[in-house]
Amino acid sequence: MSTVQQPDPRDRPARLTVGVVGAGRVGPALAASLQLAGHRPVAVSGVSDASRRRAATMLPEVPLVTPAEVMARADLVLLTVPDDALPGLVEGLAETGAVRPGQLLVHTSGRYGARVLDPALRAGALPLALHPAMTFTGTAVDVQRLAGCSFGVTAPDQLRLAAEALVIEMGGEPEWIAEQNRPLYHAALALGANHLVTLVAQSLELLRAAGVEAPDRMLGPLLGAALDNALRSGDAALTGPVARGDAGTVAVHVSELRRHAPQTVDGYLAMARATADRALASGLLKPELAEDLLGVLAKGTDGAEGDVR
């Protein structure tokens with residue numbers, strides 16, 4: 001049974017026409033989710049062939065038009081463009097008179113809060129920042145994954161209920177993020193999710209190099225358990241040679257990585273140092289074992305071979 005709390009009907013947005021500016025992986029999925037909630041997608045814009053195909057698949061029969069036409073047709077406009085493109089897009093839409101008073105303007109950037117929409121606010125728009133804390137594939141599976149997904153919500157106080165209601169209608173869980181905390185919030189998500197992909201991809205490559213025929217099958221249960229333990233227990237879930245202070249094992253790791261996959265050494269050392277610091281602070285790593293371990297990591301940073309025992 002879903003744990004998502006349903007909004008009070010008095011706080012629910014009226015049935016809205018929905019437009020999407022930027023048919024990347026996020027916009028069409030959110031529009032499709034809003035459609036399931038009773039809203040009506042009416043226009044989408046996309047530049048690349050991939051974005052146009054994605055829009056046609058996710059939002060069939062919704063016309064592909066220019067951003068200005070999206071603005072003209074929709075009560076609620078999703079601005080789902082890359083972070084760096086967002087300020088210029090908002091300024092351009094406001095300067096050309098595309099923004100209509102009373103129009104809900106929603107961006108999905110994790111980096112920005114509502115203030116990036118100030119040019120549109122001055123033109124009479126209602127600004128909302130709704131960032132889904134999820135990775136998107138650009139396929140219909142994303143709509144299903146929105147169920148229970150946390151959204152970082154930032155909006156003027158008078159629009160807070162409307163913003164949270166829209167998130168709940170998409171099946172998400174609203175999490176209020178203060179304007180000044182948006183960059184830190186986004187950095188935290190990038191550190192956890194984006195870097196995780198890099199770490200897993202490197203691990204898969206190394207296992208293949210070691211002769212493992214099905215590295216995904218090997219890693220799946222291990223990483224699933226590690227993630228679950230970390231979410232439940234934090235630093236208490238730390239295991240492995242760094243947390244144990246096995247300096248000799250870490251030295252062998254560094255030596256092997258330098259020989260077979262030198263591009264992974266810097267990342268291994270950086271994460272090992274961070275793990276050692278956290279293990280020390282939490283009492284998992286004994287101080288008397290930390291000295292040898294940190295020495296190995298320092299030698300690895302200098303490009304020297306570790307003291308293999």
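**A guided look at a predicted model**

Buried residues account for 42% of the 309 residues in this protein, and the model is a predicted one.

Visitor: Nice to meet this protein. How many helices and strands does the protein have, and what does its C-alpha trace span along the principal axes?
Guide: Welcome! Counting the secondary structure gives 13 helices and seven strands. Along the principal axes, the C-alpha trace spans about 70 × 40 × 40 Å.

Visitor: What is the order of the strands in the open sheet?
Guide: The sheet is open, has seven strands and shows mixed pairing. Its edge strands are β2 (40-45) and β7, each of which pairs on one side only. From one strand to the next, the twist averages 25°. Read across, the order is β2-β1-β3-β4-β5-β6-β7.

Visitor: Which residue in β3 stands opposite Gly-19?
Guide: Let's start from the strands themselves: β1 (residues 17-21) and β3 (residues 76-79) pair in the parallel sense over four bridges. Within β3, the residue opposite Gly-19 is Val-77.

Visitor: And at the other end, which residue in β7 is the bridge partner of Gly-152?
Guide: Here β6 (residues 150-154) and β7 (residues 173-176) pair in the parallel sense, over four bridges. In β7, the bridge partner of Gly-152 is Glu-175.

Visitor: What is the handedness of the β-α-β unit made by β6, α7 and β7?
Guide: Follow the chain from β6 to helix α7 (residues 160-169) and on to β7. The helix lies across β3, β5 (126-132), β6 and β7, and runs at about 145° to β7. The β-α-β unit that these elements make is right-handed.

Visitor: Is α7 mostly covered or mostly open, and which of its residues are buried?
Guide: The helix is mostly covered, with seven of its 10 residues buried. The cover over these buried residues includes α1 (27-36), β3, β5, β6 and β7. The buried residues are Ala-163, Glu-164, Ala-165, Leu-166, Val-167, Ile-168 and Glu-169.

Visitor: What phi does Gly-171 take?
Guide: Look just after α7, where you will find Gly-171. Its phi is positive, at about 90°.

Visitor: Is Glu-61 buried or exposed?
Guide: Glu-61 is found in the loop between α2 and α3. Its phi is near 75°, a positive value in a residue other than glycine. The relative accessible area of Glu-61 is 84%, and the cut-off for exposed is over 50%. So Glu-61 counts as exposed.

Visitor: Why does Val-62 count as buried?
Guide: Val-62 is found in the loop between α2 (49-58) and α3 (67-73). Buried means under 20% relative accessible area. Val-62 counts as buried because its relative accessibility is 13%.

Visitor: How far apart in space are Val-62 and Val-44?
Guide: Not counting residues up to four places away in sequence, Val-62 touches Pro-41, Val-42, Ala-43 and Val-44. Val-62 and Val-44 are 18 residues apart in sequence. In space, C-alpha to C-alpha, they are 6.9 Å apart.

Visitor: How far does α11 reach from its first C-alpha to its last?
Guide: Helix α11 (residues 247-260) has 14 residues, and several are buried, including Val-250, Val-254 and Leu-257. At 1.5 Å a residue, the expected reach is 20 Å. The value in the model is close to that: 20 Å.

Key
Residues numbered from 1 in each chain as written. Predicted model: local features only at pLDDT ≥ 70, side-chain atom pairs only at ≥ 80, totals over all residues. Heavy atoms only, no water. Helix = DSSP H or I, 4+ residues; strand = E, 2+ residues; numbered from the N terminus. Expected span 1.5 Å × (residues − 1). Buried < 20%, exposed > 50% of the residue type's maximum accessible area, 1.4 Å probe, protein only. Contact = heavy atoms within 4.5 Å. Pairing = 2+ DSSP bridges. Right-handed = clockwise from strand over helix to strand, strands pointing away. Axes fitted to C-alpha atoms, helices over the stretch in contact; angles between N-to-C directions.
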